Amino acid sequence: MSSPKIFLCSICNINSGTCNEDCKFCSQSVKYAADIERYKQKPIEDIIKEAKAAEASGALGFCLVTAQKGLTDKTINFVKEVAQAVKAEVPRLRLIACNGTATLAQLLELKAAGIKAYNHNLESSKRYYEEICTTHSWQERYETCLNVNKAGMVLITGGIFGMGENQDDRISMLQALATLNPTSVPINFYHHNKALPLKANELTTDEALDLIRLSKKIIPNADRIMVAGGREMMFKERQAEIFEAGANAIVVGNYLTTRGREKSKDLEMLKNLGLHIAKNPEDK
Ligand code: SF4
């Protein structure tokens, strides 16, 4: 039997820290004075450099992220421009967009521009979401995910653990995610920033590993359980255990507003574990 393949994804913040929404877990909201880099549009040549570095480290997915509530005509045009430039220079990368709530028509426009997958997280349970965001609803998030499926794009949707939610909320979120039949489920662990109104993440590493197992159990049909934001903080020297717990994808390099560890450390870890890197999106 061949060893499991691990899918590597890299994320690129093509616009940062300018969102007017009030999600309490998000340092990109302008409502909180988190000390992060803020800009309207990253220069295309910088994005190409990041895409080349992502490919060189074995990433297959390259996610174009904008910090905003939802797609606008201006964002669609920028994402399309970026997608075209990345495709021309680094054609092997699979392009993912993550630009907030989206209508079916908007998603079809991105799809026609070569974007294969769309990431939009439910973030939490429907009940708890009302406590962490007042400017838009969980239902809008859920409907965007339905639109991704209707558009025939690959759906990537997951959430965040450790924001003060209870175990019933976690189960409820995972059950809601399962109803959407996502291809990939990004599991994030809340990374506290003192400018944000939430308390620091109180999950232990063992509890976090159990949540990966629970995600896999409740969403068995997803091709990938991806450990994304907060991985280094949550698992420290126990990184390798996430794969035993059921994860088969990770984000490599930096996150949206926090630094990841050196890509070379992740590549060395995978090699030491005898795990191969997925070379095409069909690799499980
Ligand atoms: S809508 Fe997205 S970018 Fe804006 S504050 Fe919420 S999570 Fe952050």
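**Overall fold, a helix pair and the ligand shell**

The protein has 284 residues, for which a compact globule would have a radius of gyration near 19 Å; the value here is 17 Å, which agrees. This radius is taken over C-alpha atoms, and the globule rule is 2.2 Å times the number of residues to the power 0.38. The model is predicted: local features need pLDDT of at least 70, side-chain atom pairs count only at pLDDT 80 or more, and totals for chains, interfaces and linings use all residues. Residues are numbered from 1 along each chain as its sequence is written.

The C-alpha trace spans about 45 × 40 × 35 Å along its principal axes. Of the 284 residues, 46% count as buried (20 or more other C-beta atoms within 10 Å of the residue's own, with C-beta atoms placed from the backbone). The secondary structure comprises 10 helices and 10 strands (DSSP runs of H or I, at least four residues, and of E, at least two, numbered from the N terminus).

Helices H6 (residues 167-179) and H7 (residues 205-218) pack at about 35°, their axes 9 Å apart. Axes are lines fitted to C-alpha atoms over the stretch in contact, and angles run from 0 to 180 degrees between N-to-C directions. Arg170, Leu174, Gln175 and Ala178 of H6 meet Leu211, Leu214, Ser215 and Ile218 of H7 (contact: C-beta atoms, placed from the backbone, within 7 Å).

Cys19, Glu21, Cys23, Cys26, Gln28, Ser29, Ala67, Lys69 and Gly100 surround the ligand (C-beta atom, placed from the backbone, within 6 Å of it).

Definitions and conventions. A residue is buried if 20 or more other C-beta atoms lie within 10 Å of its own, exposed if 12 or fewer, and partly exposed in between; C-beta atoms are placed from the backbone. Two residues are in contact if their C-beta atoms, placed from the backbone, lie within 7 Å.
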